[in-house]
Amino acid sequence: MLLGSYDDPVFGNAKADFLLQFPPVSIKLPLFVSSIDSGYLVLKYQTKIMAVDTVDDALDTTYTFPRVYYGDSNAFFPVQVYEIRQNINNWDTNYIPQLDPMTFNPDFVTGTSFTPKSAEDSLVIHLPADYLWNYFQSNHPLFITIDPNYTCGGLININSVQMYIKYSV
């Protein structure tokens, strides 16, 4: 998954964001949970990519590239998380290239910012505890995007997204 926006002088403007919805089985809370103390999303981005040159079968060369992002490594990424109150699994396809999630009037959940150079191998986005309690009841999709009023100057390759919570019994 790509995240960000980049204005290339030759190819023009590229913007990438994504929707995600955790399967209901993966987000069930134990019955004895009395409150959610904190939670966060971890967006792990690819720290390196390997490519193998197999043009000559006798000599395979492996190239390792550093962290996969396009554009300025010092670019400011203003990330925003929204909740869409419509389930993704009700949509016709898993890949909808022309869908604008903002047309569903999503609810703003939280935001943060980072630069690809400053993060180790992931971006941690803290989620409000009151939002998390409702999320586990509804399982609505999340929309992860860049602030629409800002061109961040880069695209970053997100390898995986995980949600962690801390709760009390």
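Hi everyone, let's start with leucine 132, which is buried, with a relative accessible area of 0%; buried here means under 20% relative accessible area, using a 1.4 Å probe and protein chains only. A quick word on the model: this is a predicted one, where local features need pLDDT of at least 70, side-chain atom pairs count only at pLDDT 80 or more, and totals for chains, interfaces and linings use all residues. Residues are numbered from 1 along each chain as its sequence is written, and side-chain values use heavy atoms, with hydrogens and water left out.

Leucine 132 sits in helix H1, a helix being a DSSP run of H or I with at least four residues, while a strand is a run of E with at least two, both numbered from the N terminus. What does leucine 132 contact, beyond its neighbours within four places in sequence? The partners are Ile36, Ser38, Gly39, Leu127, Met163 and Ile165, where contact means heavy atoms within 4.5 Å. Ile36 is 96 residues away along the chain, yet the two C-alpha atoms are separated by 7.2 Å.

Now the strands. S4 pairs with S12 in the antiparallel sense over 10 bridges, and pairing requires at least two DSSP bridges.

Technical notes
Buried means under 20% relative accessible area, exposed over 50%, partly exposed in between (1.4 Å probe, protein chains only).
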